[in-house]
Amino acid sequence: MKSSFISSSAIQNAMRLTIRQSQKQLVTASLEATTGVYADIGASLGSGAAKSVNFTAEVSRIKALKGSNSIVSARLEASQLGLNSMKTAGDALVSKLTALQGSQDKTSIAVAMQSAGDALSQLMDTGNSMLNGEYLFSGINTDVQPLTNQQNAATTAIQTNLEAYASGLGKPVSSLTGAEMGTFITNFVEPMFSQDTFNGTSTPVAFPPPGAPTPVAPAAYVTPPAWSDWSAASNQNMTSRISNSEVVTSSTNSNSDGMRYFALASITVSALASQNLGADALSKVTSTAIGYAAQATTGIVTQASQLGLSQERVEKANDALDAQSSILQNKLVDLQGVDTSEASTLVNTLQTQLETAYTIVSKIQQLSLVNYL
Amino acid sequence: MSLTSALNTAQSIFSNTGTQSSVVSNNISNSSNSDYVRRQAMITTSLNGAQVVKISRAQEDALMRQWLKASAQDSGQQTLLGGLTDLKSIMGGNDYETSPANYLATFREKLQAFRTSPSSTIAAQSAVTAAQDVANSLNNATKSVQAVRLGADKEIATQVSTLNTLLAQFKTANDAVKSETATGGNPADALDERDKLLKQISSIVGVNAVDRQNGDMALYTTDGTVVFDTIPRTVTFVAQDTYTAQTKGNGVYIDGVLLGSGKGSTTTAQGSLQSLLQVRDDIATTFQSQLDEIAKSLVTMFSETGGTPTTTQPGLFVWKTATGATGGTPTTTGVIDGIAGTIAVNAAVITNQGGDPMKLRDGTITGLTNLNPTGSSGFSDNLDALYTAMGAAQTFSSTAGISSNVNIMDYASNSIGWLEQYRSDATTASENTAAALSRSTEAYSNETGVNLDEELTLLLDIEQSYKAATKILNAVDEMLKSLLDIAS
């Protein structure tokens, strides 16, 4: 008998598995050649698919962080711009006051007062600037206008108290000495800006100040507005997460020393320079105001440099995020990517293989003894 | 006397060639029937010198067994792969677009955006919407996983009923084989029928066939449970109408013995039933546990603590227990079955349900506490704490099958990794079993199948011997005629 046997159906079906597998591979390989990634990541990578998901999420998270960093940067830049214009106004005030020093010239006084008023409105204007619907200088109370102009109330209170102070000393305002004026400014004017409130529980400061001369009726002391009447800002600044591990302060607030001294310098000049003071007293007002304005500028510069540090960190964080992102993207390509040229070569090989298989099948189909009988 | 004998011989040639050509034509007509086993009409000489045709069947038991084994394994592996592919499709395509992991990542980004602009209602609403997407994706995934389990359950019920029918038919075929063998008849057709049934049975449940006296055959599962012994054993299964995460599927009993489920990605399942059990009770259930752990972790992470006495209640994410009651903050370290199916975003933060998304910023969702008593619109501490918590490692139940001390984002992607590893291994294994089955089929077909050309050559042989016989008949006729002519 025969040593080996082959059935007709085996002959007919011999190429079926080959053809089926080649066709399946062909679809996969052509997809991979065009997309450059595995046709079925899960089946090819197994548990590596988790990494693929992680990397993709991480890249997307970095993108989101960079998006939110741009908001942080915008807030910081706008704040810097505001602080810069305040500083400019402060410098202008100082130069006008310096010109007034040692002179009682009506024009100079008017110029200085004008300058003080300008500086104050500059403070109000800039301090209440907004970005994306958020007040820049209100700390975390971003929906509350930080500064309210109390110029009239403050001026009236200072002038009334000055009258009362002078009456307590038993002399008219115009005869106050430089030293007396200095004491008045230190004890009556400065606390209006350095203290948040005069009857609060946290910083209880008595008004009138202890040891102040008792005024002669009808003159009397009035309680002036404190800084909390000017500023509704929160002492707590905004913080922002700029990378996975870094949180930076991303705003400043109008309770800072810079802005308090700024208002103090302006109000001191605008409330007192017009009070027909003696040369000595006026000179004291001017010099004190110059001192306050200088402190204001220093304070604002400090604030600006603190924000500058944050800006720098945001920039560095962005650089680090960019680097991270490109590393991750490369890893992702390494993980999911296929060699497209290899895949396209495979497509060609498979095509040839399939064509051969088809030819063989059709040849075999034609082979039958029936044709020769 | 001898001329008559020659005539007789010619007659027997006619008879034999008739039988032979009938067998050959039967072979030819069945050449493409894979369940047909080739017959051969062999001429032998009987003791008293008569030539008789014996029809033999090209039976090949060893290859048949191998084929049955390959078929059972392939059927099991392909069924497992089908189930795994169904589960994977829940997660979307190559980018896993619809996976909870993807929605969690988006949610975390939205939370970060909200953290940067805590006063923005739009940012708050985006974060809440992203949270709703997370909850929805968990709900949908749960529904789909349970649908896969229900599908497997229904398939088991169908296959069990098919199996019972096949076993009944197997009895008929087996009885026919026995009676034909006992009476010395030709059992070939009955054997074909029985082999066909055996092949169908083994793709449902892998069986070992044991041959016994008179061509009788008994069937045992690979575990040794009797499936058929003289009479078919009953296979019982009670299907369930609905599946939730709490539902435990019923077992399949063969002759009262529980059929075990397959194990591992290169499954130990023999036949599709065991694989279906594996998909329903092992893979889908574990995957559901992982979804439940993600949901449990979310509810816990976003819970708020406060009030007097200090209590903790679910905040942004709330859930319902199996009985429909509002769930509290989970304290168990184990898996809470079905929490992923009921997790939802608290109505207190959803604008169109009268809620305020800003409560997420202030930590006032439950009303137990207020982390932002001054109502500052730039308050971001709570959001930052939540954002950080999403990146912090936490403990997950070890029964869910994946690493238990990672952050929630990694856990969600590890869950995908777990499923994909399973599917990847199963894909490789299924390619192997398919190839093995194909080879096995070829080998079996080569041994038992029909070769048309060979049958045709046999037919030529038969034709020749038939022609020769007619020649003999003619010659004897002539000879007898001559003899009679002499006599006349």
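This is a predicted model: local features need pLDDT of at least 70, side-chain atom pairs count only at pLDDT 80 or more; totals for chains, interfaces and linings use all residues.
**Helix packing, a chain contact and some backbone details**

Let me begin with chain A, where helices α2(A) and α11(A) cross in a left-handed sense, left-handed being the case in which the near helix is turned anticlockwise from the far one by less than a right angle, and right-handed the clockwise case. Residues are numbered from 1 along each chain as its sequence is written, and chains are lettered from A and ligands numbered from 1 in the order in which they are written.

The two helices, α2 (residues 16-35) and α11 (residues 340-366) of chain A, have axes that come within 8 Å and cross at roughly 155°; helices here are DSSP runs of H or I with at least four residues, strands are runs of E with at least two, and both are numbered from the N terminus. The axes are lines fitted to C-alpha atoms, for helices over the stretch in contact, with angles running from 0 to 180 degrees between N-to-C directions. The pair is therefore roughly antiparallel, a label for angles over 145 degrees. Among the residues making this contact are A:L26 and A:A29 of α2(A), together with A:L350 and A:L354 of α11(A), where contact requires C-beta atoms, placed from the backbone, to lie within 7 Å.

Turning to the contact between the chains, 44 residues come from chain A and 50 residues from chain B. On the side of chain A that touches chain B, α4(A) gives the most, with 13 residues.

Chain B itself comes to 11 helices and 15 strands, and its C-alpha trace spans about 145 × 40 × 35 Å along the principal axes.

Finally, some backbone details in chain B. The peptide bond from B:T308 to B:P309 is cis, with omega near -10°, and B:P309 sits in the loop between β10 (304-306) and β11 (311-313). B:Y96, in the loop between α2 (61-90) and α3 (100-116) of chain B, has a positive phi, near 50°, and counts as buried because it has 25 C-beta neighbours inside 10 Å, the cut-offs being 20 or more for buried, 12 or fewer for exposed, and partly exposed in between, with C-beta atoms placed from the backbone. B:N214, in the loop between β3 (207-211) and β4 (217-221) of chain B, also has a positive phi, near 60°, but with 13 such neighbours B:N214 counts as partly exposed.

Key. Angles under 35 degrees count as roughly parallel, over 145 as roughly antiparallel, 65 to 115 as roughly perpendicular and the rest as oblique. Two residues are in contact if their C-beta atoms, placed from the backbone, lie within 7 Å.
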